[in-house]
Amino acid sequence: MKLLFLGPPGAGKGTQAAGVSAHLKVPHISTGDMFRSAIKNATPVGLEAKKYLDAGELVPDSVVIDMVRERLSMPDCANGYLLDGFPRTVEQAIALDEIDAPDIVVDIEVPDERLLSRLTGRRVCGKCQGTFHISQLKDEHACPLCGGALSQRNDDKPETISTRLRAYHEQTEPLIGYYSGLGKLRRVEVNRLRTVDGDSRPEEVFKGILATLE
Ligand code: ADP
Ligand code: ZN
C-alpha cells in the first residue's frame, strides 16, 4: 500500500506513522527526519536545508523532491511506502503523482489551538528518535523506551512554531482539495482522501486510521 499522512505540525503524524508502518510492513519515510539526519551528518542536502528548518520554513521544492525520488527508488519501497511530511506543497504533490502516486491520503486533523501545547511540550529521543509529550513523561530527560537523552527540537520554540503553522495553512492545506479531487487543484479524478480526528489519545487515533484503511 502507498500511503501518506497529511496534517499540521503537531498532529501526531510521526507517532502514528511509526505504528502504522510497522503494522502494514512498509517503510516509514519522514522527510523531516531525513533532513535532521542530513544536517547532523553535514551532507550537502543538510547544509542547504539547515537555514530553512531553523526558521520553520519549507525547504525548496526541488531539494525535497530529488531527495524523495531517490528514497522511493530504493528496493524497500517496492511493496509500498508511508510518507510523513511529504508532500507539503502542490508542486510536491504533482511531482509525487509522477514518481509513484499514493493510493490513500490520511488527513489527521487537530485544531490549531491544541497544536501549540503539543509542540512546545514535545521531546525527542536522540537515540531511538521516539517522540513524547512532557505530560506522558516521568523523567523529562530520559527516553522511556531506550533510556536515551531527550531534548527539544530546535524548531519547537514558540516563534518558529507560528511560522510553521502559517506555512502549513498557506502551502500544505490546499493539498486536502488536491487529494479529495474536489478542489480547484484537481488533477486526478478519484477521491483519495480519508479524514481522521487527531484530537484524542494516540491509541484512539491509531484505531481511527486502521478503520479508515479497511
Ligand atoms: P513537523 O511536521 O512537526 O513540522 P517535520 O519533521 O515534518 O515537522 O519537518 C520539519 C521541517 O523540515 C519543516 O519545518 C521543513 O523545514 C522541513 N521539511 C520537512 N518536509 C518538508 C517538505 N516536504 N517540504 C519542505 N520542507 C520540508
Ligand atoms: Zn529512545
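Select the shell around ligand 1: by class it holds 8 nonpolar, 4 polar and 8 charged residues. Here Ala, Val, Leu, Ile, Met, Phe, Trp, Tyr, Cys and Pro count as nonpolar, Asp, Glu, Lys and Arg as charged, and the others, Gly among them, as polar. The model is predicted: local features need pLDDT of at least 70, side-chain atom pairs count only at pLDDT 80 or more, and totals for chains, interfaces and linings use all residues. Residues are numbered from 1 along each chain as its sequence is written, chains are lettered from A and ligands numbered from 1 in the order in which they are written, and side-chain values use heavy atoms, with hydrogens and water left out.

**Stop 1: the ligand**

Within the shell of 20 residues, pick T31, R36, E57, G85 and R164, which come nearest to ligand 1. A residue is near a molecule or strand if one of its heavy atoms lies within 4 Å of it.

Next, show the polar contacts (a pair of N or O atoms within 3.5 Å; within protein, one must be able to donate a hydrogen and the other to accept it, and residues adjacent in sequence count only if both atoms are side-chain atoms). At G85, a polar backbone atom is 2.9 Å from a nitrogen atom of ligand 1. At Q92, a polar side-chain atom lies 2.9 Å from a nitrogen atom of the ligand. At R153, an N or O atom of the side chain is 3.1 Å from an oxygen atom of ligand 1.

Switch to a surface view: ligand 1 taken alone exposes 550 Å², and the protein buries 97% of that. Accessible areas come from the Shrake-Rupley method with a 1.4 Å probe; for residues, only the protein chains shown count as cover.

Now colour helix 2 (31-40) and helix 3 (44-55), the elements that give two or more residues to the shell around ligand 1. Helix 2 supplies the largest share, 4 residues. Helices (H or I, at least four residues) and strands (E, at least two) are DSSP runs, numbered from the N terminus.

**Stop 2**

Move to P87, in the loop between strand 3 (81-84) and helix 5 (90-100). The peptide bond that joins F86 and P87 is cis, with omega about -5°.

Then select R88 and T172: the backbone oxygen of R88 lies 2.8 Å from a polar atom of the T172 side chain. T172 belongs to helix 7 (residues 158-172). T172 counts as buried at 5% relative accessibility; buried means under 20% relative accessible area, exposed over 50%, partly exposed in between (1.4 Å probe, protein chains only).

**Stop 3: the aromatic pair**

How many aromatic pairs does a search of the whole structure find? The search finds 1. Select Y178 and Y179: their ring centres are 5.0 Å apart and their planes stand at 85°, so the pair is edge-to-face. Rings of Phe, Tyr and Trp (its six-membered ring) pair if their centres lie within 6.5 Å; planes under 30 degrees apart count as stacked, over 60 as edge-to-face and the rest as tilted. Y178 is buried, with a relative accessible area of 1%, and Y179 is buried at 0%.

**Stop 4: two positive phi angles**

Go to K25, in the loop between helix 1 (13-24) and strand 2 (28-30). K25 is not a glycine, yet its phi is positive, about 55°. With a relative accessible area of 72%, K25 is exposed.

Go on to Q129, in the loop between strand 5 (122-125) and strand 6 (131-133). Phi of Q129 is near 65°, again a positive value in a residue other than glycine. Q129 counts as partly exposed, at 45% relative accessibility.

**Stop 5**

Select E203 in helix 9 (residues 202-213). Its relative accessible area is 41%, so E203 is partly exposed. The E203 side chain makes a polar contact with the side chain of R201 (2.4 Å).

In helix 1, select V20. V20 counts as buried, at 0% relative accessibility. L3 is 17 residues from V20 in sequence and 10.0 Å away in space, C-alpha to C-alpha.

**Last stop: the whole chain**

Zoom out to the protein chain, with its 9 helices and 8 strands. Its radius of gyration is 17 Å, close to the 17 Å that the globule rule gives for 214 residues, so the chain is as compact as a globular protein of that length. The radius is taken over C-alpha atoms, and the rule is 2.2 Å times the number of residues to the power 0.38. The C-alpha trace spans about 50 × 40 × 35 Å along its principal axes. Of the 214 residues, 46% count as buried.
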